[in-house]
Amino acid sequence: MIIESADRHELASGIYPSAPPAPDVHRLAREIVADLTRSGTLCPAIPGDALRGELTAVVRVCLGWLIQRLRGECPPQRLDRLEAAAGGWARDDVEIGTVLHAAHRAVKGGVERLVPSAGQKSGIDITVAITASVELLALITSTVSKAYVRELKSAAGAHHTDVHTVTSALLGGHTATAMARDASIPIADRYYVLALAVPAHRDENDPRLDRQVVARRKLRRLQSALATLLDRQALPLLSVDGGTILVPADACAEDGIDDLVQKLSAATYVDITATVVSAGTDDVPAATRQAHELLDIVEQLGLGARVHRFAELALEYQLTRPGVGRARLDRLLDPLDRHPELLQTLQTYIDTDRNRTRTARQLAVHPNTVDYRMQRIGELTGLDPTNSRTWWYLYSSLVARRSRGSAAIA
């Protein structure tokens, strides 16, 4: 608030009852800003004249607030001029720490000028002056923080929309160069295409909590961790249960993908399962399809929450492709359809690396029962599960069957 000349006499008879004329707020504001400039407190990235003029106006408002408070009046509860200026500084990438540091120095300079040093009569209660200073600093901090948070949310929302648009274009095989350039999002020559499966957080199943709210918080933690770990270079298209992430090859080494997924799991408090396929920019759509097909296989076979690659799943991938071979493999287990306990035993036996003791423990049966069931499977299918030359036919048949079941559900 600017102190008008009509108020000067009253001001002089209020906080300065013994004589000194009312302070010239315009002059004091210019002096404080000059001190800030000399001290190097102001950010050099912003043109000096523009910043100095804006800051001088803000300092004038704050001095007016402080003077009102010292006079025993009720100053405004808002500093709209400061809030508007802080929003502009946020958009100009002036760090909030710089702004708050300047504000504290400005308040200090204002108090030193309005309240003479000890020994001089000013008519101002020092306790009132300290209290007023603390209140003003609190109001300044709150106002600046609110403005910065608002601008940050706005910028983040705009950036998220741009990233979503560019990512969708790349995944769809469309040229994204122009829109990426407009949004200042660089397009890499190669990407690691990650397909993610993000399970529900345990709190999502807590009846006392809102499942959707918990899921959204999990997603925000995932997005925040990804932006931090890769300095916003990744292009994600995610939902609460997974999605796709395009990681520029020059932003993360191939062997760093595993560590990336581990850190994302830690950030979200869930065990994330991922598959990764490397591809040039033009091949991203095909790589994305392949990565998600691999992810389907991983989930069907229950292969664990970690990063899986095509090299380790080539056989399983081929077995799930439609054709005469898969149909033939599928039929190998038809004789077991009437014996679900044998199918379960076979699956457990394969999952435990054909360890009869572990199989028996998981099924809660005696190891001899496992031996008997293996024998029956061999008799019914003509393939001995304990024979290293024939067991993989049974494994392949299980993979083909799971693929058929998944296709039927889809």
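Q: What does the secondary structure of the protein chain come to?
A: The protein chain has 16 helices and five strands. A helix here is a DSSP run of H or I with at least four residues, a strand is a run of E with at least two, and both are numbered from the N terminus. The model is predicted: local features need pLDDT of at least 70, side-chain atom pairs count only at pLDDT 80 or more, and totals for chains, interfaces and linings use all residues. Residues are numbered from 1 along each chain as its sequence is written, and side-chain values use heavy atoms, with hydrogens and water left out.

Q: How much of the protein chain counts as buried?
A: The share is 44% of the 410 residues. Buried means under 20% relative accessible area, exposed means over 50%, and partly exposed lies in between (1.4 Å probe, protein chains only).

Q: Among contacts between residues at least 6 apart in sequence, what percentage join residues at least 24 apart?
A: The figure for the protein chain is 67%. A contact requires heavy atoms within 4.5 Å.

Q: How do you know that the span of helix α2 agrees with its number of residues?
A: Helix α2 covers residues 25-39, and its 15 residues should span 21 Å at 1.5 Å a residue. The expected span is 1.5 Å times one less than the number of residues. The end C-alpha atoms of α2 are 21 Å apart, so the two values agree.

Q: What puts the buried residues of α2 on the same side?
A: The buried residues of α2 are Val25, Leu28, Ala29, Ile32, Val33 and Leu36. Because they cover an arc of only 130° around the axis, they lie on the same side of α2. The arc is that of the directions from the helix axis to the C-beta atoms. An α-helix has 3.6 residues a turn, so residues three or four places apart point the same way. After α2 comes glycine 40, with a positive phi near 80°.

Q: Which residues of α9 are buried?
A: Ile257, Leu260, Val261, Leu264, Ser265 and Thr268 are buried in α9. Their arc around the axis is only 140°, which places them on the same side of α9. On the other side, Gln262 and Ala266 are exposed. The cover over the buried residues of α9 includes β1 (190-197), α8 (211-229), β3 (242-248), β4 (273-280) and β5 (307-309). Helix α9 (residues 257-268) has 12 residues and reaches 17 Å from its first C-alpha to its last, close to the 16 Å expected.

Q: Why is tyrosine 269 called exposed?
A: Tyrosine 269 has a relative accessible area of 57%, so it counts as exposed. This residue lies in the loop between α9 and β4.

Q: Why are α10 and α11 called roughly perpendicular?
A: Helix α10 (residues 284-301) packs on helix α11 (residues 310-319) at an angle of about 75°, with the axes 10 Å apart. Axes are lines fitted to C-alpha atoms, for helices over the stretch in contact, and angles run from 0 to 180 degrees between N-to-C directions. Angles under 35 degrees count as roughly parallel, over 145 as roughly antiparallel, 65 to 115 as roughly perpendicular and the rest as oblique. The two helices are therefore roughly perpendicular to each other. The contact is made by Gln290, Glu293, Leu294, Ile297, Val298 and Leu301 of α10 with Phe310, Leu313, Glu316 and Tyr317 of α11.

Q: What makes α14 roughly perpendicular to α15?
A: The axes of α14 (residues 356-363) and α15 (residues 367-381) cross at roughly 105° and come within 8 Å. That angle makes α14 roughly perpendicular to α15.

Q: Why does threonine 359 count as buried?
A: Its relative accessibility is 0%, so threonine 359 counts as buried. Threonine 359 lies in helix α14. Beyond its neighbours within four places in sequence, threonine 359 is in contact with Thr345, Thr348, Tyr349, Thr352 and Val370.
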